[in-house]
Amino acid sequence: MSSGMGLSRALRRGRTTIATLAVASTVAVLCGPTSSAEAAALPGRLESGRPSVLMINVDDLAATDIKYMPHVQKLLVQQGTTFTDGVAPTPLCVPARASLLTGKYAHNHKNWSISGTNGGYTGFTGRRNTLPVWMDKAGYRTMFLGKYLNNYGKGSERYSNGEPGWDNWQATIDPSTYNLLSPKFNNNGTIQSPGLYSSVALQNRSIKMIKNAGTNVGGKKPWFLWVNYVAPHAGGPVEASDPKRRYPNQPSLWLENTRPMGADKGRFSGLGLPTTPDMFYAGPGQVTAGKPYTTAQKRVMRYVYQQRIEAAQSVDRAVARTIAHLKNSGQYRRTVIIFSGDNGYTTGHHNRLGKLWESSQSMRIPLIMVGPGIPKNIKVGSAVGNPDIATTVAALGRATPGRAQDGVDITRVLAASVKAGKTLYRPIPVAAWPTQGGTNSKYRGIRYGRYTYITLTATGVPVLYDRAVDPYETRNLAGDRRYAKVVAQMKALDAKYRACSGSTCPKTYASALSTPSPS
């Protein structure tokens, strides 16, 4: 963990700082509900009461993309704490968002796919027992904006007043969600078409929501706003420079792409694809790599990558304008901001385009926290995931979850890391299912410290990556005799946690890996 500024003075006045909540550097226990005394000493618990919470989620934004977002760098990274090993245990839109709603891993909330069995909006159960319901009961004004679960708005819910727990509901309705030039919204039961680029429409509405919430009960009632930006997710309308228009007779070149805002079109025309070792790599042992791309397909992939970075610029500006409003309205000092992606994204890495793979490019998400009591401009390498974000928001609001939480309070991870001055380790179970429904997983496994271990369900073939020596995961070491003990322990961790729930899920962080180094 890099050095950074000290903790907020507001948390030092006659009370324990967050660092003292960590136990000695052997094992830090970082789970479970907080007592009133503990809550008062954690980040974001101000002298005047509980913080408001702004949760910003960006669709398909990879952890490596934020280096091209200058406002995010200046206003979030430099002003807060970045978790460099933030992960989506199931790296796909729906399961990731269901985890953000429940604090549960996908194997427990069972919302596994985009559509079909256990998929999409209709596959999500227990809507009356979710994070907004808990926050609402805790006295928060709750607001939702942007993309919800896939296929929302295709049924009778299109005209409903919103989902349980939300005081203000403004969700985009499918399929217009992916019309980046002009999405439609269900605004508390009224269909609206603002006729604006998606990120601009979301930016304007989020500022208005915050403004209205800030005047609620004299500005003393805290609020929780979850804003879901769609760009840089693939979307349209199709334009002349897109693969389908440029190569109408060559379907092999129709790689899925997005639609940047007009002002950003061409801004990154000189941007090349990353030159990391995993780009278009399918070497020995790469059992999950895709088929080799042709020279023409690689050329189109570069265009896809360019468009994604260009589309992210509109989100970058929206973040800046939202934070400016928080500051101008006097709400910034009592607001915790959590910025994340729902999953990572691959653009040629291991010969893949998209998500759902076990590689870090697909699984890692940007995850940044800014707010009172949260150290500035530091990086924490301890692993945290989507379920942990929901658990953290509930803890910030001192809300009582209606589900046994699989996740942990990230502020406690931060506390322990600050105290230890080093990365602490905890295993995270990972899994994936087909995108179009189905009850059989694609793979199951564990991400733990330097290692990623999975077993392919269909074949039983194991995969082990050691990111300490192979950060781009180009070598499958599962069959390497030097890693036999590592494989055995990772297999044991997988067996222990693949069906975990609540208290049986990994909740402790240790100062050293329990898995031995290779022989």
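Gly-146 stands opposite Ala-171 in strand E6, and that contact belongs to a parallel pairing between E5 and E6 (residues 168-172) over four bridges. Strands pair here if DSSP finds at least two bridges between them. Strands (E, at least two residues) and helices (H or I, at least four) are DSSP runs, numbered from the N terminus.

This is a predicted model, where local features need pLDDT of at least 70 and side-chain atom pairs count only at pLDDT 80 or more, while totals for chains, interfaces and linings use all residues. Residues are numbered from 1 along each chain as its sequence is written, and side-chain values use heavy atoms, with hydrogens and water left out.

Back to E5 (residues 141-146): it also runs parallel to strand E9 (residues 223-229), joined by six bridges. Arg-141 stands opposite Trp-223 in E9. Because five of its six residues are buried, E5 is largely enclosed by the rest of the structure. Buried means under 20% relative accessible area, exposed means over 50%, and partly exposed is in between (1.4 Å probe, protein chains only).

Now for the rings. The whole structure holds 15 aromatic pairs. One of them is Trp-166 with Trp-169, a tilted pair at 6.4 Å centre to centre and 45° between the planes. Rings of Phe, Tyr and Trp (its six-membered ring) pair if their centres lie within 6.5 Å; planes under 30 degrees apart count as stacked, over 60 as edge-to-face and the rest as tilted. Trp-166 is buried at 9% relative accessible area, and Trp-169 is buried at 0%. Ring pairs link both into a cluster with Tyr-121, Phe-144, Tyr-148, Tyr-152, Phe-224 and Trp-226.

Some rings have a charge over them, meaning that NZ of Lys or CZ of Arg is within 6 Å of the ring centre and within 35 degrees of the ring normal:

| Charged residue | Ring | Distance to ring centre |
|---|---|---|
| Arg-127 | Tyr-121 | 4.1 Å |
| Arg-205 | Phe-185 | 4.2 Å |

What about cysteines? Taking a disulfide as a pair of cysteine sulfur atoms within 2.5 Å, the count comes to one. Cys-500 and Cys-505 form it, with sulfur atoms 2.2 Å apart. Their S-S torsion is about 85°, so the disulfide is right-handed. Both Cys-500 and Cys-505 are buried.

Finally, helix H8 (residues 295-328) has 34 residues and reaches 51 Å from its first C-alpha to its last, close to the expected 50 Å. That expected span is 1.5 Å times one less than the number of residues. H8 is mostly covered, with 25 of its 34 residues buried. Just after H8, Gly-330 takes a positive phi of about 80°.
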